[in-house]
Amino acid sequence: MRLLHNLALVGDHQLFARFWRSASLFWRTRKAWVVGLIVFLIAVVLMQLLVQVLLNIWNRDFFDALERKDAHALWIQAKLFLPLAASSIVLAATSVWGRMTAQRNWREALTRHVLEKWLENDRFRRLNHHMVKGSENPEYRIVVDIRVSTDAPIDLSLAFFSSIITSITFFGVLWSIGGSITVTALGVSMTIPGYLVFGVIIYSGLVSGSMLLFGHHLTGVIERMNQSEAEFRAAADAFQNDAKSNDGDKRHNLQLKLHSVLLWWREFLWQLVRTTFVSHGNTLFAPVVGWFLCVPKYLTGAMTLGELTQAAAAFVVVQASFNWVVDNYQRVADWRASVHRVATLLLALDECEAAEQRSPAKV
Amino acid sequence: MKRILVASDGSPDAERAVDAAARLAKDGRCELVILTVGGSITGAELRALAGKSGDLSKTLETAARTVLAKARKRALRIGAPSVREMTAWGEAAEAINDAARREKADILVVGRRGRGRLSGLLLGSVSQKVTALAPCPVMVVP
């Protein structure tokens with residue numbers, strides 16, 4: 001049996017489709033359980049948002065009491081903080097349980113499915129002997145890549161959902177607290193309604209835009225780096241799997257793959273250095289920008305100290321939600337690379353299966 | 001003298017080294033081994049590869065093969081009787097000395113300066129490092 005296809009040349013769309021065909025088995029076969037878990041996870045995200053809003057309000061009331069030097073109100077706020085903090089902690093732990101339970105079950109279902117295909121009719125032996133370019137190192141793909149490919153979508157989609165509803169909710173907070181501001185420039189007065197909302201959109205746009213500008217190669221570089229790491233492992237495994245020909249070609253290939261890994265690592269390093277300028281700058285600037293936008297209203301007495309801290313906190317929350325894509329750049333790249341590797345293994349196994357059906361006697 | 005090892009990265013200095021080594025091989029009727037240490041690629045080239053379905057290993061191998069083919073042509077034109085090519089990866093000076101050791105070269109020929117002119121100025125050139133640690137006599141071609 002000859003496996004002639006070079007799977008490294010299969011397109012992105014085809015790879016995702018092949019991955020999803022096997023990965024979606026879990027979602028299709030255990031519908032009731034899956035729907036229950038999704039509803040539970042969404043409910044946890046919504047409750048977390050509720051607690052976040054209550055903490056934001058608590059922040060306002062606490063600082064207002066502090067500004068008034070009102071000991072009684074401060075004591076009430078201190079007592080309120082305990083149940084809020086407890087709820088936040090319990091919800092965070094519940095969310096971890098829910099997410100990891102979903103990930104564990106999905107990983108189990110996909111791993112069992114791939115293992116079955118790999119072990120059936122000793123396909124693992126034929127896959128090793130007729131090594132298909134792009135399906136090297138199947139053990140690693142089954143153990144690590146399936147885990148990454150099933151972990152990330154759950155974390156990423158929950159974080160995405162959370163970011164959207166958090167942004168919308170805190171837009172409301174910023175709109176109502178900030179109100180409008182009148183700006184006078186060159187003798188012309190202009191009133192901007194909900195100016196904090198516009199402020200956060202402009203600031204987040206600048207941060208995300210800078211991140212895309214500085215790090216637009218990052219996902220590609222991470223994907224290539226992960227792929228070259230996998231090829232390096234496969235080149236090292238070749239010594240073990242085919243001990244009779246420990247020749248110069250293998251040594252040459254091993255050194256070439258190591259060199260590729262190191263070159264990609266060097267580029268990854270520079271990409272991270274570039275994006276760190278933006279991400280670290282944002283960590284420092286985001287809270288300060290929030291404060292500075294509110295200061296004019298605070299100084300005129302249109303905003304209390306509590307509202308100032310509440311708005312600044314809401315500004316940071318919305319800004320962080322806006323940066324979902326930027327924050328998850330690396331995770332998305334890792335996920336894409338793992339999906340590619342699982343899909344190429346599945347395509348190689350499909351080829352084995354098709355060849356078995358064409359000539360069953362040779363199996 | 002049985003075997004001469006010459007290192008080339010395709011730079012003008014390396015080409016002069018190949019010429020000198022080929023003349024030596026011709027006069028001494030010995031084997032000429034041309035070595036290139038592959039892997040020199042810029043960040044811009046890497047980023048371009050990251051954006052499409054390019055294969056870095058293949059790119060590196062092609063670049064190394066091009067350097068070797070050019071050097072081989074030069075050596076044969078000068079009259080070297082037997083030419084063999086090889087590629088190594090990693091830090092240039094270390095890889096050149098390793099190859100000289102493995103190939104049991106009687107003499108090692110290198111150019112004075114390769115492509116890494118700036119790093120050569122800062123850290124010392126590859127030829128300086130090779131000379132310091134070589135397992136055999138070294139001829140540095142100016």
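Trainee: In which order do the five strands of the open sheet in chain B lie, and in which sense do they pair?
Mentor: The order is β3-β2-β1-β4-β5 (chain B), and the pairing is parallel. A strand here is a DSSP run of E of at least two residues, a helix is a run of H or I of at least four, and both are numbered from the N terminus. This is a predicted model, in which local features need pLDDT of at least 70 and side-chain atom pairs count only at pLDDT 80 or more, while totals for chains, interfaces and linings use all residues. Residues are numbered from 1 along each chain as its sequence is written, and chains are lettered from A and ligands numbered from 1 in the order in which they are written.

Trainee: What makes β3 and β5 of chain B edge strands?
Mentor: Strands β3 (82–89) and β5 (138–141) of chain B each pair on one side only. From one strand to the next, the twist averages 25°.

Trainee: How do you know that β1 and β2 of chain B are paired?
Mentor: Two strands pair if DSSP finds at least two bridges between them, and β1 (residues 3–7) and β2 (residues 31–38) of chain B share five bridges in the parallel sense, so they meet that rule. Within this pair, B:Ile4 stands opposite B:Leu32.

Trainee: Which residues of α6(B) are called buried, and why are they said to be on the same side?
Mentor: The buried ones are B:Val126, B:Ser127 and B:Val130, where buried means that 20 or more other C-beta atoms lie within 10 Å of the residue's own, exposed means 12 or fewer, and partly exposed lies in between. They cover an arc of only 95° around the axis, the arc being that of the directions from the axis to the C-beta atoms, and therefore they are on the same side of α6(B). On the other side, B:Ala132 and B:Leu133 are exposed. Among the elements that cover the buried residues are α4 (92–102), β4 and β5 of chain B.

Trainee: What makes a group of residues a nonpolar core, and which residues touch the most other members of the largest one?
Mentor: A core is a set of buried Ala, Val, Leu, Ile, Met, Phe, Trp, Tyr and Cys residues joined through C-beta atoms within 7 Å. In the largest, of 85 residues, those touching the most other members are A:Leu174, B:Ile4, B:Val6, B:Ala21, B:Leu32, B:Ile34 and B:Ile96. Helix α9 (residues 248–299) of chain A provides the largest share, ten residues. A second, separate core of 28 residues includes A:Phe19 and A:Cys352.

Trainee: How do you know how many residues of each chain take part where chains A and B meet?
Mentor: Two residues are in contact if their C-beta atoms, placed from the backbone, lie within 7 Å, and by that rule 15 residues of chain B are in contact with 16 residues of chain A. The elements giving two or more residues to this side of chain B are α2 (43–51), α3 (56–78) and β3 of chain B, and α2(B) gives the most, with six.

Key:
Axes fitted to C-alpha atoms, helices over the stretch in contact; angles between N-to-C directions.
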